[in-house]
Amino acid sequence: MRKLLQCCFGVGCFLIIGFLTVDVSATNEDHSWDILIFTQQWPQTVCHQWKKEDRKHNCRMPSTRNLWTIHGIWPTKYNEMGPFFCNSSWTFNVSYIAPIENQLEIFWTNVEIRSDLYDLWRHEWEKHGTCASVLPELSTEILYFRQGLQWLNHYSMSTILANSKILPDSTPTVEDIHTAVVSQLNRNPVIHCTYDSRRQEIFLEEIRICFNKSLELTDCDGVVGKFYPTHTYSGGKIITNCDPSKNILYPSIVPDLMERLPPTRGDFGDSWSRFPLVTIYKIIQFIKWATF
């Protein structure tokens with residue numbers, strides 16, 4: 001087990017250094033991209049993860065119950081992450097989105113309460129919107145955010161999952177979720193889970209669908225390359241970090257942290273041996289947020 005942990009740690013450090021190197025290069029030199037990833041998030045899981053980082057963290061939940069909300073629109077190169085922060089001088093200005101601010105509060109909710117109400121929108125525009133702005137349809141702040149609202153209206157995961165009888169508090173498999181999305185959109189999504197290593201629980205957090213530069217729905221194949229595993233079953237190929245052998249929690253309320261079991265040495269060791277790349281991926285995502 002010690003050798004396994006050392007190996008995972010070494011691989012993790014290598015990947016982290018690689019990620020940071022690629023991102024800096026992309027930020028300074030190459031702002032080209034191939035595809036747009038439209039990411040919807042399940043607020044209950046997002047809040048659970050936020051509170052898990054620090055029990056003092058607070059959440060802002062959408063006013064509409066059981067609503068999938070927008071995380072962002074991410075211009076992406078195939079088999080890479082980014083580009084990011086394509087124009088450092090184009091900072092977020094809340095006055096530009098004033099006409100749609102009330103809609104954004106509901107459908108693009110800043111679940112993680114950080115510095116202010118606009119923290120998520122500021123982050124998404126400056127990190128991703130400035131790169132998406134090469135398209136005329138996304139060339140301004142309000143066009144970027146308005147496009148997200150339009151896509152949510154047409155491709156809401158709240159509706160897509162409910163149409164396949166996948167409702168909050170159910171425990172679908174990743175194959176169930178994939179089948180629900182593909183059967184209605186006829187395109188391959190990315191399904192993202194988070195893990196509670198102490199209780200060996202898996203939570204549904206995000207579902208991502210993709211669009212080409214003509215803003216047409218397309219498969220997400222190739223958007224995450226080697227950094228995401230795939231699972232093949234009779235319904236096709238799933239791009240996911242979710243364990244295909246387990247049922248996934250889709251909670252209707254934010255899970256109570258007080259119900260978590262105390263950690264044990266066995267739990268810690270088992271979580272690393274079963275999901276080492278998932279753990280590394282989470283470390284990378286945190287460092288990317290904090291670094292840029």
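Trainee: Which residues touch the most other members of the largest nonpolar core?

Mentor: Those are Leu36, Trp108, Phe145, Leu161 and Leu204, in a core of 48 residues. Keep in mind that this is a predicted model.

Trainee: Okay, and which elements each supply at least two residues of this core?

Mentor: On the strand side you have β1 (35-41), β2, β3 (190-196) and β4 (201-211). The helices are α4, α5 (141-155), α6 (157-163) and α7 (174-185).

Trainee: Which of them gives the largest share?

Mentor: That's α5, with six residues.

Trainee: What does Phe145 touch, apart from its close neighbours in sequence?

Mentor: Once you set aside residues within four places in sequence, Phe145 is in contact with Phe92, Ile97, Ile100, Leu104, Trp108, Trp121 and Trp125.

Trainee: Why would side chains like that end up together?

Mentor: In soluble globular proteins, nonpolar side chains tend to be buried with one another.

Trainee: New topic. What does UniProt mark as "active site"?

Mentor: The unreviewed UniProt entry puts that annotation on His71, Glu124 and His128. They're spread over 58 residues of sequence but cluster in space, with a largest C-alpha distance of 11.1 Å.

Trainee: Where does His71 sit, and is it buried or exposed?

Mentor: His71 lies in strand β2, which covers residues 69-76. It counts as buried because its relative accessibility is 16%, and the cut-off for buried is under 20%.

Trainee: What's in contact with His71, beyond four places in sequence?

Mentor: Glu124, for one, which carries the "active site" annotation too.

Trainee: Which side chain makes a polar contact with the side chain of His128?

Mentor: Tryptophan 74 does, at 3.5 Å. Leaving out residues up to four places away, His128 also touches Ile73, Pro75, Phe84, His123 and Tyr144.

Conventions:
Residues are numbered from 1 along each chain as its sequence is written. This is a predicted model: local features need pLDDT of at least 70, side-chain atom pairs count only at pLDDT 80 or more; totals for chains, interfaces and linings use all residues. Side-chain values use heavy atoms; hydrogens and water are left out. UniProt positions are given in the numbering used here, feature names are shortened, and annotations may be inferred rather than shown by experiment. Helices (H or I, at least four residues) and strands (E, at least two) are DSSP runs, numbered from the N terminus. Buried means under 20% relative accessible area, exposed over 50%, partly exposed in between (1.4 Å probe, protein chains only). Contact means heavy atoms within 4.5 Å. A polar contact is a pair of N or O atoms within 3.5 Å; within protein, one must be able to donate a hydrogen and the other to accept it, and residues adjacent in sequence count only if both atoms are side-chain atoms. A nonpolar core is a set of buried Ala, Val, Leu, Ile, Met, Phe, Trp, Tyr and Cys residues joined through side-chain atoms within 4.5 Å.
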